[in-house]
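Please keep the sequence and the structure in view while reading.

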Amino acid sequence: MLQEKIDAILAQVAEMTADNAEALEALRIRYLSKKGEIASLFNDFKLVPPEQKRELGQRLNEVKTLVTERINALRDQFGAVAKQSNRVDITRPAVPQALGTRHPLSVVRKEIVDIFARLGFTLAEGPEVEDDWHVFSALNFAADHPARDMQDTFFVEQDEQDVTRNIVLRSHTSSVQVRTMDHHKPPIRIICPGRVYRNEAITARAHCFFHQIEGLYIDKGVTFADLRQVLLYFAQQLFGSDTKIRLRPSYFPFTEPSAEMDVTCMLCGGKGCSFCKNTGWVEILGCGMVDPAVLEASGIDSSVYSGYAFGLGIERITNLKYMVKDLRMFSENDVRFLDEFRPVH
Ligand code: PHE
């Protein structure tokens, strides 16, 4: 008797289905509740003769396990469906989209360009592949000037006989001064950001390419005092109103007189620390009055016009502002580094 009832239930297990919660509960009540079919089998079991108890007891336990597992499996299916349909919680705040950041060099370039834009400088650009004239000759570099040398300059085309026929990757943005003077008459007031190339081994402190910003102002009666005042304004806008500047005599073929500009160290405020090697000053740019020969080379009458020019490295300024120790970080595109420059709102 019991054996047959067990077999009957076993036959039903595979057929048990429920496509809603009520049907599932009905199944549970029918088989697994206190008065359900399995419980009633256990009642019957009490009457089984002792010699059959062992075998039937085992079968009874098996059928109970099977039915329980089947009902649980059906419930799991339901659970999954139920969970899924609950998943859209329209009140939940959206997961923020991961946005990229501006490259630190772009951030600083924009900051610098904006400062000069406030003084009336307009943006100018020129090509990275340049002829010798715009990079060197028009800027008063002698034919044997060492900057023309292989050690500094990348050549795209090199003429052994006549250096003025060379095509190079520009080694400074001063070439854009010449390009602008080719096409515009004074007054000229431009700021030119761009990438430049120099044949240097790549280390933490040097790279074969970097970025400069060039400034040029040509008009009647432009003096060194104008240059100094504009650079002071620039330094104070960029590094803070306490910043002081100093100009040291220097040499560039295309400016006369020429100077290098230092600003008070942004770490110690000028007192002297290890960063500024105890001098209180750090160098940030080169500048000078445009050499009359450069004006004449571009067809500008140097007896009527004068001007100043300056050039600075964007990497250098970025290092000073953000204390980046290794130049290579700027071109490695490591998002962990780039993410440090996320603007804070
Ligand atoms: N071109 C110079 C350099 O690359 C910088 C500079 C620009 C100096 C303009 C004076 C005037 O070092």
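Is Glu37 buried, partly exposed or exposed? Glu37 is partly exposed, because its relative accessible area is 27%, a value that falls between the limits of 20% for buried and 50% for exposed. The model under discussion is a predicted one.

## Salt bridges

Across the whole structure, a search finds 16 salt bridges. Side chains of opposite charge can pair when their charged atoms come close. Three of these pairs are set out below.

| Salt bridge | N to O distance | Relative accessible area of each partner |
| Lys321 and Glu111 | 3.0 Å | Lys321 25%, Glu111 25% |
| Arg342 and Asp339 | 2.6 Å | Arg342 36%, Asp339 39% |

Salt bridges that share partners also join Arg246, Arg248, Glu260, Asp262 and Glu283 into one network.

The bridge between Lys321 and Glu111 has an N to O distance of 3.0 Å. Lys321 belongs to helix α10 and Glu111 to helix α5, so this pair ties together parts that are 210 residues apart in sequence.

## Helix α10 and its surroundings

Helix α10 covers residues 314-322, and its buried residues are Ile314, Glu315, Ile317, Thr318, Asn319 and Leu320. These buried residues pack against the helices α5, α8 and α11 (329-332), and also against the strands β6 (209-219), β9 (281-290) and β10 (306-313). Just after α10, Met323 adopts a positive phi of about 55 degrees.

## Aromatic pairs

The structure holds 13 aromatic pairs. One of them is formed by Phe116 and Phe234, which are stacked, with 4.9 Å from centre to centre and 25 degrees between the planes. This pair links distant parts of the chain: Phe116 lies in helix α5 (residues 104-117) and Phe234 in helix α8 (residues 224-239), 118 residues apart. Phe116 is buried, with a relative accessible area of 0%, and Phe234 is likewise buried at 0%.

What geometry do the rings of Phe136 and Phe141 adopt? Their centres are 5.1 Å apart and their planes stand at 75 degrees, so the pair is edge-to-face. Phe136 is buried, with a relative accessible area of 1%, and Phe141 is buried at 9%.

Ring pairs also link Phe116, Phe121, Tyr217, Phe234, Tyr308 and Phe310 into a cluster. The charged end of Arg195 sits over the ring of Phe209, 4.4 Å from its centre. Lys53 lies over the face of Phe45, at 5.5 Å from the ring centre.

## Strands and sheets

Strand β6 is mostly covered, with 9 of its 11 residues buried. β6 pairs with strand β5 (residues 188-197) in the antiparallel sense over 10 bridges. Within this pairing, Val196 has Phe210 of β6 as its bridge partner, and Tyr197 stands opposite Phe209 in β6. β6 also pairs with β10, again in the antiparallel sense, over 8 bridges. There, the bridge partner of Gly215 is Phe310 in β10.

Why is β5 described as largely enclosed by the rest of the structure? The description applies because 8 of the 10 residues of β5 are buried. Strand β1 (residues 122-123) is joined to β5 by 2 bridges, and these two strands run parallel. Thr122 has Ile190 in β5 as its bridge partner.

A further sheet is open and consists of 3 strands in the order β2-β4-β3, with antiparallel pairing. Its edge strands are β2 (129-131) and β3 (155-157), each of which pairs on one side only. Neighbouring strands of this sheet are turned by 35 degrees against each other on average, direction ignored. β2 is joined to strand β4 (residues 167-169) by 3 bridges, and the bridge partner of Val129 is Leu169 in β4.

Note on methods: Residues are numbered from 1 along each chain as its sequence is written. This is a predicted model: local features need pLDDT of at least 70, side-chain atom pairs count only at pLDDT 80 or more; totals for chains, interfaces and linings use all residues. Side-chain values use heavy atoms; hydrogens and water are left out. Rings of Phe, Tyr and Trp (its six-membered ring) pair if their centres lie within 6.5 Å; planes under 30 degrees apart count as stacked, over 60 as edge-to-face and the rest as tilted. Helices (H or I, at least four residues) and strands (E, at least two) are DSSP runs, numbered from the N terminus. Buried means under 20% relative accessible area, exposed over 50%, partly exposed in between (1.4 Å probe, protein chains only). A charge sits over a ring if NZ of Lys or CZ of Arg is within 6 Å of the ring centre and within 35 degrees of the ring normal. Contact means heavy atoms within 4.5 Å. Two strands pair if DSSP finds at least two bridges between them. Axes are lines fitted to C-alpha atoms, for helices over the stretch in contact, and angles run from 0 to 180 degrees between N-to-C directions. A salt bridge is a side-chain nitrogen of Lys or Arg within 4 Å of a carboxyl oxygen of Asp or Glu.
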